[in-house]
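Please examine the sequence and the structure shown below.

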Amino acid sequence: MTDATAQSFIDTFERERASLPGADGWLAARREAAVRELADAGLPHRRLEDWKYTDLRDVLEKAAFTPAPVHQGAVFLSEEDTRNGAALFHAIDRYKIVFVNGRLNRALSDMEDLPEGVVLKPFADVLGEAWTKALIERRFEINWQAQSVSALNMALMADGVALHVEEGVTLDKPVHLIFLAADDGASHMRTLVRLEKQAQATVFETHASAGAAHYFVDLVTEVSLGVGATLNHIKLQDEAEDAVHLATMRAALADEAKLDSFTMIAGGGVSRGQTFVEFEGRAAEAHVNGAYALRGKQHADQFCVVDHAVPECNSHTHFKGVLDDESQGIFQGKVVVRPDAQQTDGRQMTNALLLSRDASINAKPELEIYADDVQCAHGSTIGELDKDALFYLRSRGIDEMTARQLLISAFLDEALDYAPHEEARAELKALVAGWFEAGNLSAEDIL
Amino acid sequence: MAAVKETVETVGEVEKYKYGFSTEIESEKAPIGLTEDTVRYISAKKNEPEWMLEWRLEAFRRWKNMEEPTWAKVFYPTMDYQNAYYYSAPKQTAGPESLDEVDPKLLETYEKLGIPLEEQKMLAGVAVDAVFDSVSVVTTFKEKLKEAGVIFCPISEAIRDYPDLVKKYLGSVVPVTDNFFATLNSAVFSDGSFVYIPKGVRCPMELSTYFRINEKQTGQFERTLIIAEEGSYVSYLEGCTAPQRDENQLHAAVVELVTMDDAEIKYSTVQNWYPGDENGKGGIYNFVTKRGDCRGKNSKISWTQVETGSAITWKYPSCILRGDNSRGEFYSIAISNTKQQVDSGTKMIHLGKNTSSRIVSKGISAGGSSNTYRGLVSVHKKAENVRNFTQCDSLLIGDKCSAHTVPYIEAKNPTAILEHEATTSKISDEQLFYCMQRGVPEEEAVALIVNGFCRDVLQQLPMEFAVEAQKLVGISLEGSVG
């Protein structure tokens, strides 16, 4: 089957191959393989079960993105942008790495004075190191249909960041990755995170527009946690209305490692967030949580697979969302407990509030269990705002708009409580509280 | 935990004994393979009118271009549809003369289930005419129904005697082109039941396939059509708790239910076909399409199933809730053991206003079996105030089995309230300990706990089925501990 859109990406690869990172090393062969994979399979479409609710092929074909140019001149954030997610976390003391149109912008970044034992560099600079190669070449045992898009990223990834924390080191400040789109077009990025034994780090991720309207963000994040390592991760997605956001995170956890990831989706046209967690060692723990507040014609698809390959691990997934106007929300989750992965505790929950007649939600929380001594549960609820609660507030003189907003924030707050960083959590809550009127966040200096 | 294993093993072993079952019914078979001629042959054998033949042929032509579905979580060798018989007429003289000739182990199982002697004879394949005075039973039965105006007959008879009703409703719920197996069934269906309940009639008794004398050997491609007119009610029982043997490996049945305003159909199934031996050899492949259409306002369709047999079960009894205020229910117990594979669930399609549905699914997986719940709850845009509650629980017994849950929940209307919850666990040591500490032997304790686990569903079965089903659950778990 010919897939013209996949072909256009392959054409881009042919044009740019010489300038892509690692063009003269081992990575070149991997890229070639990925291109063949992409050519054979094409982009994923609705007839693949994992893509049932998001036809990426169709979306990208209609959008017809061209590669994003290297941005020239200063990056300008409009007042509109500063009111939204782009402004978040700026009050928190942190290391800052800014990508504009998918390329590192050193002027805006602040990655100096890192503690000893921490490497934070563009991944192209550390391609020679064993750990980056291991992460890039890593194959997960179960090959999901949903992972097929990583071939696209493999072929075209042009920039990105590599974070390495040595054994026993705790990163003193969060690392904030800021991905801005200043010009229209497609950008492909890769993030590599490796925490050695007992290392700890917190990573924030912000995706927002800095003037661009029609763009495609393709990001793959590879995470590898050593024994007892802890990674806290908060992602805020606040893309432009006409943007397509495709993000895949794959994490492998060694014994007693802990991943705590939280995703907030506030903006974007069509977005697909994929998280794959594979337990490699015992007694590890993964939290993959999130919240979304959608309106307009936004379409947000969250896809999450937790693979309990070994015994005694815990996983917890909870996504909550509100959907207004004609927005569409999707939650597809899967907990796999493989044979012998005894004493697994796997939890999965999704709740959605439909605020409008034209909004819709699809949920598919799956369990696949091959071991008997396990505790697994999933739940899903869908409904509208509680009329009695609304009446209660109205009867006490609170106007409808405020009452609704109160109930919505209360609903989302429960999910936001999972965000694994106190100050960041408070900022996210403020963002959600202002969801109805995006005007009440201060618009001071941004980055 | 070998409890369930043992049971199914027991049942499996029992089934290994072939005497009591005829194997030499060559004479009345249609030629091997499936061609237009086979379809014509079947139709001619049944003296069907021209329109029925056309209907079958149309299905067959469609089927030729269809592909076998692969999305279910079941694995089996590729079936050669051209290397099978699609019609074999029953032979009256093929069975044993009396129960003395029947394998004692089989009888033991019947005994445990508490099946009456006369019924045992029928189940064991003892030539009914010779020993079972069924004629009188059936006669009284038929008279009573006639009085009420209920039509209950083999579908082949209905095609001849009530062509207008059949023409109007056959294929109206499960279209000829619905899916691979339903289309196959449409082309070659052997027989099945036809039930018509007239307006305002409450069927005076529970209808059961058991009472249809010519039931024997028609199980392969069964076609059932039940129509409940305005304000009527019927409860229909299908199958039986005792292990059943069948010569045909592939089963592809279609069941269609239609309810008009204020009507209700309660459809209960107990399926205990041959599950294959301990290595997963043999056994029935059961690919069933069951669907109910709540066409009228305030109508209700309720599916209850106890699935314990078959090597492969592929079955999704569904409800189309078209009429306002209509209600769909699905209660299921699926027990799998040895190498059995179950992929079953339901679809609740909410189209009308104020429609509600309830799904309770209990999967019990033991041995090396695989048990999947696959369900869809879909709320369409114009369906206001929809309510759904779904609960699917899985119980794992032993560490070689697997349990999966694949629910799809789709809502396009904000007034819908949908709740879904699922759990997977094993029998907890605490529960076992509690029972045993009070003097309940381990085996009984397991049966007790599992029966408790299934209670919500068992309660939905009609009385006569419930007692047997409860025992069946117990038997299925015998020897599974220790």
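**Briefing**

The model is predicted: local features need pLDDT of at least 70, side-chain atom pairs count only at pLDDT 80 or more, and totals for chains, interfaces and linings use all residues. Residues are numbered from 1 along each chain as its sequence is written, while chains are lettered from A and ligands numbered from 1 in the order in which they are written.

**Chain B**
- Chain B contains 13 helices and 20 strands (DSSP runs numbered from the N terminus: helices H or I of at least four residues, strands E of at least two).

**Helix α5 of chain A**
- Thr132(A), Leu135(A) and Ile136(A) are the buried residues of helix α5 (residues 130-137) of chain A.
- They lie on the same side of α5(A), because they cover an arc of only 95° around the axis (the arc of the directions from the helix axis to the C-beta atoms).
- Ala130(A) and Glu137(A), on the other side of α5(A), are exposed.

**Contact between the chains**
- Chain B contributes 29 residues and chain A 31 residues to the contact (C-beta atoms, placed from the backbone, within 7 Å).
- On the side of chain B that touches chain A, β18 (387-397), β19 (402-411) and β20 (417-426) of chain B each supply at least two residues.
- Strand β19 (residues 374-383) of chain A and β20(B) run antiparallel, joined by 7 bridges (strands pair if DSSP finds at least two bridges between them).
- Opposite Ala377(A) stands Thr423(B) in β20(B).

Key:
A residue is buried if 20 or more other C-beta atoms lie within 10 Å of its own, exposed if 12 or fewer, and partly exposed in between; C-beta atoms are placed from the backbone. Two residues are in contact if their C-beta atoms, placed from the backbone, lie within 7 Å.
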